[in-house]
Amino acid sequence: MSRAYGRVVGVIGLGVMGGIISETLARSGYRVVGSDRHKRRIKNVMIMGSNRALAERSDVILLAIGHRDLDEVGNEIRAAVKGKLVVSLLAGTKLERINSVLPFSRNSRIMTSIAFRLGSAVSAYCLDKRCTKEDGNTVSALLDAGSEQTFRIKESQFNYFTARASCMLAFAAHNMEGYYAPIDKGDFDERTRKLMTLLSFKSAIELGLQGEDVAERVATKGGMTEQGLATLQRAKVHAAMARTLKNAKEFGVVRERSAKQK
Ligand SMILES: NC(=O)c1ccc[n+]([C@@H]2O[C@H](COP(=O)([O-])OP(=O)(O)OC[C@H]3O[C@@H](n4cnc5c(N)ncnc54)[C@H](OP(=O)(O)O)[C@@H]3O)[C@@H](O)[C@H]2O)c1
């Protein structure tokens, strides 16, 4: 397997994701440098004075900035990344746009989630046509450092993947908090409550993956679960989640349309 061991991975933007990814890569034995507007410190990550200095020092450059910052960062690093591999984490930003900002590098896209810190992320990547097979191995190995599964997918699948594998963590966490809040009356301490939440969701998913129809099996006829499921149906919870996911899936498309309309 081609790991980027021995080569330098530079992470631009040390916010939530850049922080998690750079720390995890460093912990896995990669040589990592980082740059950020806030000069944050991350264990075993050398902080560079500028994005340009980082790009010059790195063999692989990972963009963990917001999509609004792409033009500014692109101007700073364009010349320095010539002939190098660039890995973009920007959700909803297509390779076409990355290529227009960084025309001299071999560009790729990745998607992962905050579970990268735990090594349990589900991650994906796609490569621009200028990328080599070796680049594919490098990107895949970088993702493996924090992932349970890494997929190579088509770029057209990226938003769907993002909605399910990354945004879903936030949607699920938001829902979990909301579900339990009204009945949390101090019957159990916080740690026990969190454990019950974690284990019930984890078991539902594992049983589902094994092919069990969990809802049907738990809902005894005329019982407490059956009544609860009817309440969920009346509240149209599925429809609300479907709208949420549809909006996430169309996020980049809508943004792209509005950019073209300008
Ligand atoms: N959060 C997630 O779970 C997640 C998952 C998958 C993908 N993503 C993608 O990952 C990217 C980063 O997301 P995030 O949640 O980590 O955002 P974030 O916490 O806001 O981190 C972005 C970081 O980039 C820095 N930055 C902006 N412009 C810069 C520049 N010119 N030079 C150096 N650093 C600069 C920001 O600094 P300032 O604070 O000064 O702006 C910030 O520290 C986004 O494109 C997002 O779509 C996020």
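The chain contains eleven helices and eight strands, where helices (H or I, at least four residues) and strands (E, at least two) are DSSP runs numbered from the N terminus. The model is a predicted one, in which local features need pLDDT of at least 70 and side-chain atom pairs count only at pLDDT 80 or more, while totals for chains, interfaces and linings use all residues. Residues are numbered from 1 along each chain as its sequence is written. Along its principal axes, the C-alpha trace spans about 70 × 45 × 35 Å. Of the 262 residues, 34% count as buried; a residue is buried if 20 or more other C-beta atoms lie within 10 Å of its own, exposed if 12 or fewer, and partly exposed in between, with C-beta atoms placed from the backbone. Among contacts with a separation of 6 or more, 57% join residues 24 or more positions apart, a contact being a pair of residues whose C-beta atoms, placed from the backbone, lie within 7 Å.

The chain is divided into domain 1 (8–153) and domain 2 (161–252), with bounds that come from an automatic or database domain assignment. The C-alpha centres of the two domains lie 32 Å apart. Contact between them involves twelve residues of domain 1 and seven residues of domain 2. On the domain 1 side, the touching residues comprise seven nonpolar, four polar and one charged. In this classification, Ala, Val, Leu, Ile, Met, Phe, Trp, Tyr, Cys and Pro count as nonpolar, Asp, Glu, Lys and Arg as charged, and the others, Gly among them, as polar.

The largest nonpolar core has 51 residues, and those with the most contacts inside it are Ile 12, Ile 61, Leu 62, Leu 63 and Ala 64. Such a core is a set of buried Ala, Val, Leu, Ile, Met, Phe, Trp, Tyr and Cys residues joined through C-beta atoms within 7 Å. Strand S7 (residues 121–127) provides the largest share of this core, six residues. When residues up to four places away in sequence are not counted, Leu 62 touches Val 9, Gly 10, Val 11, Ile 12, Ile 21, Val 87 and Leu 89.

Leu 127 lies in strand S7. This residue is buried because 21 other C-beta atoms lie within 10 Å. Leaving aside neighbours within four places in sequence, Leu 127 is in contact with Ser 108, Asp 135 and Gly 136. Asp 144 is 17 residues from Leu 127 in sequence and 16 Å from it in space, C-alpha to C-alpha. Arg 106, found in strand S6 (residues 106–111), is also buried, with 21 other C-beta atoms within 10 Å. With neighbours within four places again set aside, the contacts of Arg 106 are Leu 85, Asp 128, Arg 130, Cys 131 and Asp 135. The C-alpha atoms of Arg 106 and Arg 27 are separated by 26 Å, and the two residues are 79 apart along the chain.

The shell around the ligand holds 27 residues, of which Gly 13, Gly 15, Met 17, Asp 69 and Ala 91 come nearest; a residue counts as near if its C-beta atom, placed from the backbone, lies within 6 Å of the molecule. Helix H1 (16–27) and helix H3 (70–77) each supply at least two residues of this shell, and the largest share, three residues, comes from H1. By class, the shell has twelve nonpolar, eleven polar and four charged residues.

Most residues other than glycine have a negative phi. Asn 44, in contrast, has a positive phi, near 65°. Asn 44 lies in the loop between strand S2 (31–35) and strand S3 (45–47) and is partly exposed, with 13 other C-beta atoms within 10 Å. Lys 236 likewise has a positive phi, of about 55°, although it is not a glycine. Lys 236 is found in the loop between helix H9 (224–234) and H10, and is exposed, with 11 other C-beta atoms within 10 Å.

Helix H10 (residues 237–249) has 13 residues, which at 1.5 Å a residue should span 18 Å; the end C-alpha atoms are 18 Å apart, in agreement with this value. The expected span is taken as 1.5 Å times one less than the number of residues. H10 is hardly covered, with a count of one buried residue among its 13. Gly 222, in the loop between helix H8 (214–218) and H9, is exposed, with 7 other C-beta atoms within 10 Å. The C-alpha atoms of Gly 222 and Arg 97, 125 residues apart along the chain, are separated by 55 Å.

How values were computed: Two residues are in contact if their C-beta atoms, placed from the backbone, lie within 7 Å.
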